[in-house]
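Thanks for coming, everyone. I will walk you through one structure today. Have a look at it first, and then we start with a pair of helices.

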Amino acid sequence: MLNLGIDNLWVVNLFGTEIWITRTMLNTWIIMLVLIVLAVIVRIKLRSFREIPTGFQNAVESVIEIFENFVDNTLGEKLRYLGPWFFTVFAFILFSNLSGVFGLRPPTADWGTTFAFALATFILIQIVGIRYRKMDYLKNFFYPNPIFFPLNLIGELARPISLSFRLFGNVLAGMIMMTLIYSLTPKLVQIGLPVFLHAYFDLFSGALQTYIFCMLSLMFVKGASE
Amino acid sequence: MNFNIDPLLSALPEGRVFALDKQTLITIVIQLLNACILAGILGFILYKPVREFMKNRTGRISGQFNDAQNKLTEAEALKAEYEKKLAEIELERIKILEAARVSAAEKTRDILAEARAEAEMFKKRAAESIAYEKERLQKETRLHIIEISSLMAAKFVEKEIGTEDHDRLFNEAMAQLEEASWLS
(Lines give C-alpha, C1' and ligand atoms only; values in the text may rest on other atoms or scores of the structure.)
Protein backbone atom coordinates (compact mmCIF):
# COMPACT_ATOMS: atom_id res chain seq x y z
CA MET A 1 0.00 0.00 0.00
CA LEU A 2 1.19 3.48 -0.89
CA ASN A 3 2.06 5.33 2.31
CA LEU A 4 3.18 8.95 1.99
CA GLY A 5 2.05 10.10 5.40
CA ILE A 6 4.15 10.57 8.50
CA ASP A 7 3.60 7.53 10.71
CA ASN A 8 2.83 7.99 14.35
CA LEU A 9 4.90 5.59 16.42
CA TRP A 10 3.86 6.44 19.96
CA VAL A 11 1.42 8.70 21.70
CA VAL A 12 2.72 10.32 24.86
CA ASN A 13 0.62 12.05 27.43
CA LEU A 14 2.50 14.89 29.04
CA PHE A 15 0.62 17.01 31.57
CA GLY A 16 -2.62 15.92 29.96
CA THR A 17 -1.43 16.91 26.51
CA GLU A 18 -1.32 14.23 23.87
CA ILE A 19 1.96 14.24 21.97
CA TRP A 20 2.43 12.16 18.86
CA ILE A 21 5.87 10.73 18.48
CA THR A 22 6.15 10.56 14.72
CA ARG A 23 8.55 8.90 12.33
CA THR A 24 9.90 12.37 11.65
CA MET A 25 10.98 12.69 15.26
CA LEU A 26 12.48 9.22 15.35
CA ASN A 27 14.41 9.86 12.13
CA THR A 28 15.47 13.25 13.49
CA TRP A 29 16.91 11.57 16.56
CA ILE A 30 18.64 8.97 14.39
CA ILE A 31 20.23 11.74 12.30
CA MET A 32 21.11 13.66 15.44
CA LEU A 33 22.73 10.54 16.84
CA VAL A 34 24.74 10.02 13.65
CA LEU A 35 25.88 13.64 13.68
CA ILE A 36 26.77 13.51 17.37
CA VAL A 37 28.71 10.26 16.94
CA LEU A 38 30.60 11.82 14.02
CA ALA A 39 31.27 14.91 16.12
CA VAL A 40 32.53 12.77 19.02
CA ILE A 41 34.83 10.85 16.66
CA VAL A 42 36.20 14.15 15.35
CA ARG A 43 36.58 15.45 18.93
CA ILE A 44 38.55 12.33 19.91
CA LYS A 45 40.67 12.50 16.77
CA LEU A 46 41.25 16.21 17.34
CA ARG A 47 43.75 15.34 20.10
CA SER A 48 45.97 13.68 17.53
CA PHE A 49 45.56 16.39 14.90
CA ARG A 50 48.89 17.56 13.53
CA GLU A 51 50.26 20.84 12.25
CA ILE A 52 50.26 19.52 8.70
CA PRO A 53 46.85 17.93 8.07
CA THR A 54 46.47 14.62 6.28
CA GLY A 55 43.60 12.27 5.46
CA PHE A 56 40.72 12.49 7.93
CA GLN A 57 42.04 15.68 9.50
CA ASN A 58 42.17 17.26 6.05
CA ALA A 59 38.54 16.40 5.40
CA VAL A 60 37.35 17.75 8.77
CA GLU A 61 39.37 20.94 8.47
CA SER A 62 38.20 21.46 4.90
CA VAL A 63 34.54 21.14 5.91
CA ILE A 64 34.89 23.56 8.83
CA GLU A 65 37.06 26.01 6.90
CA ILE A 66 34.83 26.04 3.82
CA PHE A 67 31.76 26.56 6.00
CA GLU A 68 33.44 29.25 8.07
CA ASN A 69 34.53 31.11 4.95
CA PHE A 70 31.02 30.73 3.57
CA VAL A 71 29.53 32.24 6.76
CA ASP A 72 32.24 34.92 6.95
CA ASN A 73 31.73 35.99 3.36
CA THR A 74 27.96 36.10 3.72
CA LEU A 75 27.45 37.38 7.25
CA GLY A 76 30.71 39.22 7.83
CA GLU A 77 32.99 39.36 10.84
CA LYS A 78 30.50 40.77 13.32
CA LEU A 79 28.05 37.88 12.90
CA ARG A 80 30.68 35.18 12.84
CA TYR A 81 29.45 33.82 16.16
CA LEU A 82 26.35 32.50 14.34
CA GLY A 83 28.60 30.06 12.46
CA PRO A 84 27.94 27.03 14.73
CA TRP A 85 24.17 27.48 14.43
CA PHE A 86 24.21 27.64 10.66
CA PHE A 87 26.69 24.76 10.56
CA THR A 88 24.18 22.67 12.50
CA VAL A 89 21.33 23.75 10.25
CA PHE A 90 23.39 22.91 7.18
CA ALA A 91 24.56 19.53 8.51
CA PHE A 92 21.14 18.50 9.78
CA ILE A 93 19.21 19.46 6.64
CA LEU A 94 21.84 17.88 4.40
CA PHE A 95 21.84 14.62 6.37
CA SER A 96 18.05 14.68 6.48
CA ASN A 97 17.77 15.15 2.75
CA LEU A 98 20.34 12.40 2.14
CA SER A 99 18.65 10.02 4.57
CA GLY A 100 16.24 9.03 1.83
CA VAL A 101 19.10 7.12 0.23
CA PHE A 102 19.20 4.87 3.30
CA GLY A 103 15.46 4.24 3.27
CA LEU A 104 14.55 6.71 5.99
CA ARG A 105 11.71 9.15 5.55
CA PRO A 106 13.54 12.50 5.47
CA PRO A 107 12.55 14.63 8.47
CA THR A 108 12.63 17.59 6.10
CA ALA A 109 9.71 16.00 4.26
CA ASP A 110 7.69 17.10 7.28
CA TRP A 111 6.65 20.74 7.33
CA GLY A 112 6.97 20.71 11.12
CA THR A 113 10.73 20.25 10.75
CA THR A 114 11.32 22.75 7.98
CA PHE A 115 9.14 25.34 9.70
CA ALA A 116 11.03 24.82 12.95
CA PHE A 117 14.27 25.74 11.20
CA ALA A 118 12.63 28.58 9.29
CA LEU A 119 11.14 29.84 12.56
CA ALA A 120 14.60 29.77 14.12
CA THR A 121 15.85 31.87 11.21
CA PHE A 122 12.91 34.25 11.67
CA ILE A 123 13.69 34.63 15.38
CA LEU A 124 17.37 35.21 14.53
CA ILE A 125 16.41 37.87 11.99
CA GLN A 126 14.41 39.77 14.61
CA ILE A 127 17.10 39.43 17.30
CA VAL A 128 19.92 40.50 14.97
CA GLY A 129 17.85 43.35 13.51
CA ILE A 130 16.95 44.77 16.91
CA ARG A 131 20.43 44.21 18.34
CA TYR A 132 22.37 45.92 15.54
CA ARG A 133 19.85 48.47 14.21
CA LYS A 134 17.57 48.97 17.20
CA MET A 135 14.74 51.40 16.41
CA ASP A 136 15.89 51.75 12.85
CA TYR A 137 15.00 48.12 12.28
CA LEU A 138 11.52 48.53 13.72
CA LYS A 139 11.05 51.70 11.67
CA ASN A 140 11.62 49.56 8.62
CA PHE A 141 8.20 48.01 9.14
CA PHE A 142 6.68 51.46 8.53
CA TYR A 143 8.76 52.25 5.48
CA PRO A 144 8.12 54.21 3.28
CA ASN A 145 4.81 55.16 4.92
CA PRO A 146 3.05 53.79 8.04
CA ILE A 147 0.25 52.70 5.79
CA PHE A 148 2.54 50.03 4.42
CA PHE A 149 2.94 48.42 7.86
CA PRO A 150 0.55 45.52 7.13
CA LEU A 151 2.32 44.78 3.86
CA ASN A 152 5.73 44.95 5.47
CA LEU A 153 4.55 42.71 8.32
CA ILE A 154 3.12 40.18 5.89
CA GLY A 155 6.38 40.33 3.90
CA GLU A 156 8.33 39.62 7.07
CA LEU A 157 6.05 36.78 8.16
CA ALA A 158 6.15 35.33 4.67
CA ARG A 159 9.87 34.67 4.98
CA PRO A 160 9.74 31.66 7.31
CA ILE A 161 6.69 30.35 5.51
CA SER A 162 8.34 30.57 2.08
CA LEU A 163 11.60 29.18 3.42
CA SER A 164 9.91 26.24 5.08
CA PHE A 165 7.58 25.41 2.22
CA ARG A 166 10.38 25.61 -0.39
CA LEU A 167 12.43 23.00 1.41
CA PHE A 168 9.46 20.91 2.48
CA GLY A 169 7.94 20.93 -1.01
CA ASN A 170 11.15 19.94 -2.75
CA VAL A 171 12.03 17.13 -0.37
CA LEU A 172 8.46 15.87 -0.23
CA ALA A 173 8.23 15.90 -4.02
CA GLY A 174 11.40 13.84 -4.27
CA MET A 175 10.15 11.46 -1.64
CA ILE A 176 6.77 11.07 -3.37
CA MET A 177 8.51 10.40 -6.67
CA MET A 178 10.69 7.73 -5.12
CA THR A 179 7.77 6.18 -3.26
CA LEU A 180 5.78 6.04 -6.48
CA ILE A 181 8.70 4.46 -8.30
CA TYR A 182 9.05 1.79 -5.63
CA SER A 183 5.31 1.24 -5.22
CA LEU A 184 3.89 1.40 -8.71
CA THR A 185 6.59 0.15 -11.05
CA PRO A 186 7.36 -3.49 -11.80
CA LYS A 187 10.25 -5.04 -9.86
CA LEU A 188 12.38 -5.08 -12.98
CA VAL A 189 12.25 -1.30 -13.28
CA GLN A 190 13.32 -1.03 -9.66
CA ILE A 191 16.75 -2.41 -10.52
CA GLY A 192 19.19 0.26 -11.58
CA LEU A 193 16.82 3.11 -12.38
CA PRO A 194 16.27 4.24 -8.74
CA VAL A 195 20.00 4.82 -8.43
CA PHE A 196 19.81 7.77 -10.82
CA LEU A 197 16.60 9.02 -9.29
CA HIS A 198 18.09 8.83 -5.80
CA ALA A 199 21.17 10.63 -7.12
CA TYR A 200 18.97 13.43 -8.42
CA PHE A 201 16.23 13.71 -5.78
CA ASP A 202 18.25 12.88 -2.68
CA LEU A 203 21.82 13.86 -3.48
CA PHE A 204 21.62 16.68 -6.01
CA SER A 205 18.29 18.21 -5.06
CA GLY A 206 18.93 17.53 -1.37
CA ALA A 207 22.30 19.29 -1.40
CA LEU A 208 20.95 22.13 -3.53
CA GLN A 209 17.96 22.71 -1.26
CA THR A 210 20.22 22.64 1.78
CA TYR A 211 22.43 25.27 0.20
CA ILE A 212 19.43 27.40 -0.81
CA PHE A 213 17.89 27.22 2.66
CA CYS A 214 21.14 28.17 4.38
CA MET A 215 22.03 30.83 1.86
CA LEU A 216 18.64 32.51 2.12
CA SER A 217 18.71 32.31 5.91
CA LEU A 218 22.17 33.88 5.97
CA MET A 219 21.08 36.61 3.56
CA PHE A 220 18.00 37.42 5.63
CA VAL A 221 20.03 37.60 8.83
CA LYS A 222 22.69 39.68 7.13
CA GLY A 223 20.01 41.98 5.69
CA ALA A 224 18.53 42.49 9.13
CA SER A 225 21.89 43.54 10.58
CA GLU A 226 22.53 46.30 8.03
CA MET B 1 4.22 14.04 36.59
CA ASN B 2 1.55 12.75 34.27
CA PHE B 3 3.53 10.81 31.65
CA ASN B 4 2.58 7.64 29.84
CA ILE B 5 3.15 6.02 26.46
CA ASP B 6 0.31 4.31 24.70
CA PRO B 7 1.12 0.79 23.56
CA LEU B 8 2.37 0.57 20.00
CA LEU B 9 -0.33 0.25 17.34
CA SER B 10 -3.17 0.60 19.85
CA ALA B 11 -5.38 3.44 18.73
CA LEU B 12 -2.53 5.29 17.06
CA PRO B 13 -3.69 8.25 15.02
CA GLU B 14 -3.31 7.85 11.30
CA GLY B 15 -0.28 9.44 9.72
CA ARG B 16 -0.63 12.49 7.46
CA VAL B 17 1.50 14.40 5.01
CA PHE B 18 0.57 17.89 6.07
CA ALA B 19 -1.71 19.44 8.63
CA LEU B 20 -2.03 22.68 10.53
CA ASP B 21 -3.08 21.63 14.00
CA LYS B 22 -1.88 21.27 17.57
CA GLN B 23 0.25 18.21 16.77
CA THR B 24 2.07 20.13 14.03
CA LEU B 25 2.71 22.92 16.50
CA ILE B 26 4.07 20.36 18.99
CA THR B 27 6.25 18.88 16.26
CA ILE B 28 7.58 22.36 15.46
CA VAL B 29 8.43 22.99 19.12
CA ILE B 30 10.09 19.56 19.51
CA GLN B 31 12.06 19.98 16.28
CA LEU B 32 13.12 23.46 17.36
CA LEU B 33 14.32 22.00 20.66
CA ASN B 34 16.09 19.20 18.80
CA ALA B 35 17.79 21.78 16.57
CA CYS B 36 18.90 23.83 19.57
CA ILE B 37 20.24 20.75 21.36
CA LEU B 38 22.04 19.58 18.24
CA ALA B 39 23.48 23.07 17.62
CA GLY B 40 24.73 23.17 21.22
CA ILE B 41 26.34 19.73 20.99
CA LEU B 42 27.85 20.16 17.51
CA GLY B 43 29.05 23.67 18.32
CA PHE B 44 30.56 22.55 21.62
CA ILE B 45 32.22 19.31 20.59
CA LEU B 46 32.91 19.82 16.88
CA TYR B 47 32.73 23.27 15.33
CA LYS B 48 34.33 25.39 18.03
CA PRO B 49 37.16 22.99 19.01
CA VAL B 50 38.15 22.41 15.38
CA ARG B 51 37.95 26.14 14.66
CA GLU B 52 39.95 26.85 17.81
CA PHE B 53 42.56 24.29 16.79
CA MET B 54 42.83 25.84 13.32
CA LYS B 55 42.93 29.35 14.78
CA ASN B 56 45.68 28.37 17.23
CA ARG B 57 47.64 26.70 14.47
CA THR B 58 47.25 29.77 12.29
CA GLY B 59 48.47 31.83 15.25
CA ARG B 60 51.42 29.50 15.79
CA ILE B 61 52.34 29.51 12.11
CA SER B 62 51.89 33.26 12.00
CA GLY B 63 54.11 33.56 15.08
CA GLN B 64 56.72 31.30 13.55
CA PHE B 65 56.53 33.27 10.34
CA ASN B 66 56.97 36.52 12.23
CA ASP B 67 59.89 35.01 14.17
CA ALA B 68 61.42 33.88 10.92
CA GLN B 69 60.89 37.35 9.47
CA ASN B 70 62.49 38.94 12.53
CA LYS B 71 65.39 36.51 12.37
CA LEU B 72 65.77 37.19 8.69
CA THR B 73 65.83 40.91 9.39
CA GLU B 74 68.40 40.35 12.14
CA ALA B 75 70.43 38.10 9.88
CA GLU B 76 70.31 40.68 7.13
CA ALA B 77 71.40 43.38 9.57
CA LEU B 78 74.25 41.13 10.77
CA LYS B 79 75.18 40.34 7.19
CA ALA B 80 75.23 44.02 6.35
CA GLU B 81 77.34 44.66 9.44
CA TYR B 82 79.75 41.87 8.55
CA GLU B 83 79.92 43.07 4.98
CA LYS B 84 80.69 46.56 6.27
CA LYS B 85 83.37 45.12 8.55
CA LEU B 86 84.74 43.05 5.69
CA ALA B 87 84.84 46.17 3.54
CA GLU B 88 86.62 47.99 6.35
CA ILE B 89 89.03 45.09 6.72
CA GLU B 90 89.61 45.12 2.98
CA LEU B 91 90.24 48.84 3.13
CA GLU B 92 92.59 48.34 6.05
CA ARG B 93 94.35 45.55 4.16
CA ILE B 94 94.76 47.80 1.14
CA LYS B 95 96.08 50.55 3.40
CA ILE B 96 98.51 48.17 5.11
CA LEU B 97 99.62 46.81 1.76
CA GLU B 98 100.04 50.31 0.42
CA ALA B 99 101.99 51.31 3.52
CA ALA B 100 104.10 48.18 3.20
CA ARG B 101 104.62 48.94 -0.47
CA VAL B 102 105.62 52.50 0.34
CA SER B 103 107.84 51.30 3.13
CA ALA B 104 109.36 48.65 0.87
CA ALA B 105 109.88 51.24 -1.83
CA GLU B 106 111.56 53.54 0.67
CA LYS B 107 113.71 50.72 1.94
CA THR B 108 114.54 49.78 -1.62
CA ARG B 109 115.49 53.35 -2.31
CA ASP B 110 117.57 53.46 0.87
CA ILE B 111 119.22 50.14 0.07
CA LEU B 112 119.84 51.27 -3.45
CA ALA B 113 121.20 54.57 -2.21
CA GLU B 114 123.38 52.76 0.27
CA ALA B 115 124.47 50.33 -2.41
CA ARG B 116 125.17 53.20 -4.74
CA ALA B 117 127.09 55.03 -2.04
CA GLU B 118 129.00 51.89 -1.24
CA ALA B 119 129.62 51.28 -4.89
CA GLU B 120 130.73 54.88 -5.24
CA MET B 121 132.97 54.41 -2.26
CA PHE B 122 134.36 51.19 -3.71
CA LYS B 123 134.75 52.89 -7.03
CA LYS B 124 136.49 55.83 -5.41
CA ARG B 125 138.69 53.52 -3.42
CA ALA B 126 139.39 51.52 -6.54
CA ALA B 127 140.17 54.72 -8.39
CA GLU B 128 142.43 55.83 -5.57
CA SER B 129 143.99 52.42 -5.49
CA ILE B 130 144.41 52.52 -9.27
CA ALA B 131 145.84 56.01 -9.06
CA TYR B 132 148.13 54.95 -6.28
CA GLU B 133 149.16 51.82 -8.16
CA LYS B 134 149.60 53.87 -11.29
CA GLU B 135 151.74 56.33 -9.44
CA ARG B 136 153.65 53.55 -7.80
CA LEU B 137 154.14 51.80 -11.09
CA GLN B 138 155.13 55.11 -12.69
CA LYS B 139 157.64 55.58 -9.96
CA GLU B 140 158.84 52.04 -10.23
CA THR B 141 158.92 52.28 -14.03
CA ARG B 142 160.72 55.53 -13.78
CA LEU B 143 163.19 54.00 -11.38
CA HIS B 144 163.60 51.00 -13.68
CA ILE B 145 163.98 53.30 -16.66
CA ILE B 146 166.46 55.33 -14.70
CA GLU B 147 168.20 52.21 -13.63
CA ILE B 148 168.22 50.80 -17.15
CA SER B 149 169.12 54.17 -18.53
CA SER B 150 171.82 54.48 -15.98
CA LEU B 151 173.09 51.07 -16.81
CA MET B 152 172.91 51.84 -20.51
CA ALA B 153 174.43 55.20 -19.93
CA ALA B 154 177.06 53.65 -17.76
CA LYS B 155 177.84 51.16 -20.44
CA PHE B 156 177.85 53.91 -22.99
CA VAL B 157 179.80 56.24 -20.88
CA GLU B 158 182.25 53.58 -20.01
CA LYS B 159 182.95 53.36 -23.68
CA GLU B 160 182.54 57.04 -24.73
CA ILE B 161 183.09 59.55 -21.96
CA GLY B 162 185.47 60.16 -19.14
CA THR B 163 184.91 60.43 -15.44
CA GLU B 164 184.27 64.20 -15.49
CA ASP B 165 181.65 64.08 -18.14
CA HIS B 166 180.16 61.18 -16.38
CA ASP B 167 179.77 63.00 -13.11
CA ARG B 168 178.40 66.08 -14.81
CA LEU B 169 175.85 64.15 -16.75
CA PHE B 170 174.93 62.23 -13.66
CA ASN B 171 174.36 65.33 -11.67
CA GLU B 172 172.29 66.88 -14.43
CA ALA B 173 170.22 63.80 -14.71
CA MET B 174 169.73 63.66 -10.99
CA ALA B 175 168.79 67.30 -10.94
CA GLN B 176 166.23 66.70 -13.70
CA LEU B 177 164.83 63.71 -11.89
CA GLU B 178 164.45 65.63 -8.66
CA GLU B 179 162.75 68.43 -10.51
CA ALA B 180 160.42 65.97 -12.23
CA SER B 181 159.64 64.24 -8.95
CA TRP B 182 158.86 67.50 -7.28
CA LEU B 183 156.56 68.60 -10.13
CA SER B 184 154.64 65.37 -10.18
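**A walk through chains A and B**

Let's start in chain A, with helix α4, residues 111-133, and helix α7, residues 193-225. These two helices of chain A pack at an angle of about 20°, and their axes are 7 Å apart. One caution before I go on: this is a predicted model.

How do α4(A) and α7(A) lie to each other, roughly parallel or roughly antiparallel? Angles under 35 degrees count as roughly parallel. So α4(A) and α7(A) are roughly parallel to each other. Their crossing is right-handed.

Which residues meet there? From α4(A) come A:Thr121, A:Leu124, A:Ile125, A:Val128, A:Gly129 and A:Tyr132. From α7(A) come A:Ser217, A:Phe220, A:Val221, A:Ala224 and A:Ser225. By type, this contact of α4(A) with α7(A) has seven nonpolar residues, four polar ones and no charged ones.

Stay with A:Phe220 for a moment. A:Leu75 is 145 residues away from A:Phe220 in sequence. In space, the two are 9.6 Å apart, C-alpha to C-alpha. A:Leu75 itself lies in helix α2, residues 55-75, of chain A. Is A:Leu75 buried or exposed? It has 20 C-beta neighbours inside 10 Å, so A:Leu75 counts as buried. What does A:Leu75 touch, leaving out residues up to four places away in sequence? The list is A:Arg80, A:Leu82, A:Leu218, A:Val221 and A:Lys222.

Now step back to the whole of chain A. How many helices and strands does chain A have? There are seven helices and two strands. Reading from the N terminus, the order is β-β-α-α-α-α-α-α-α. The C-alpha atoms of chain A fill a box of roughly 60 × 50 × 40 Å along the principal axes. Chain A has 226 residues, and 35% of them are buried. Now take the contacts in chain A with a separation of 6 or more. Of these, 68% join residues 24 or more positions apart.

Next, helix α3 of chain A, residues 83-98. This helix has 16 residues. From its first C-alpha to its last it reaches 22 Å, close to the 22 Å expected at 1.5 Å a residue. In α3(A), 15 of the 16 residues are buried, so this helix is largely enclosed by the rest of the structure.

One partner of α3(A) is helix α1 of chain A, residues 23-46. The axes of α1(A) and α3(A) come within 10 Å and cross at roughly 120°. At that angle, α1(A) and α3(A) are therefore oblique to each other. This crossing is right-handed too. On the α1(A) side, the contact uses A:Ile31, A:Val34 and A:Leu35. On the α3(A) side, it uses A:Ala91, A:Phe92, A:Phe95 and A:Ser96. That gives six nonpolar residues, one polar residue and no charged ones.

Now some backbone details in the loops of chain A. First, a proline. The peptide bond from A:Tyr143 to A:Pro144 is cis, with omega near -5°. Where is A:Pro144? In the loop between α5 (135-139) and α6 (149-184) of chain A.

Then two residues with positive phi. A:Phe15 is not a glycine, yet its phi is positive, about 55°. A:Phe15 sits in the loop between β1 (8-14) and β2 (17-22) of chain A. With 8 other C-beta atoms within 10 Å, A:Phe15 is exposed. A:Lys134 is also a residue other than glycine, with a positive phi near 50°. You will find A:Lys134 in the loop between α4 and α5 of chain A. A:Lys134 is exposed, with 10 other C-beta atoms within 10 Å.

Last stop, chain B. Chain B has two helices and one strand. From the N terminus, they run β-α-α. Of its 184 residues, 7% count as buried.

How do the chains meet? In all, 37 residues of chain B are in contact with 49 residues of chain A. On the chain B side, the elements giving two or more residues are β1 (3-5) and α1 (22-160). The largest share, 25 residues, comes from α1(B). By type, the chain B side divides into 23 nonpolar, nine polar and five charged residues.

That's the tour. Questions, please.

Terms used:
Residues are numbered from 1 along each chain as its sequence is written. Chains are lettered from A and ligands numbered from 1 in the order in which they are written. This is a predicted model: local features need pLDDT of at least 70, side-chain atom pairs count only at pLDDT 80 or more; totals for chains, interfaces and linings use all residues. Axes are lines fitted to C-alpha atoms, for helices over the stretch in contact, and angles run from 0 to 180 degrees between N-to-C directions. Helices (H or I, at least four residues) and strands (E, at least two) are DSSP runs, numbered from the N terminus. Angles under 35 degrees count as roughly parallel, over 145 as roughly antiparallel, 65 to 115 as roughly perpendicular and the rest as oblique. A crossing is left-handed if the near helix is turned anticlockwise from the far one by less than a right angle, and right-handed if clockwise. Two residues are in contact if their C-beta atoms, placed from the backbone, lie within 7 Å. Ala, Val, Leu, Ile, Met, Phe, Trp, Tyr, Cys and Pro count as nonpolar, Asp, Glu, Lys and Arg as charged, and the others, Gly among them, as polar. A residue is buried if 20 or more other C-beta atoms lie within 10 Å of its own, exposed if 12 or fewer, and partly exposed in between; C-beta atoms are placed from the backbone. The expected span of a helix is 1.5 Å times one less than its number of residues.
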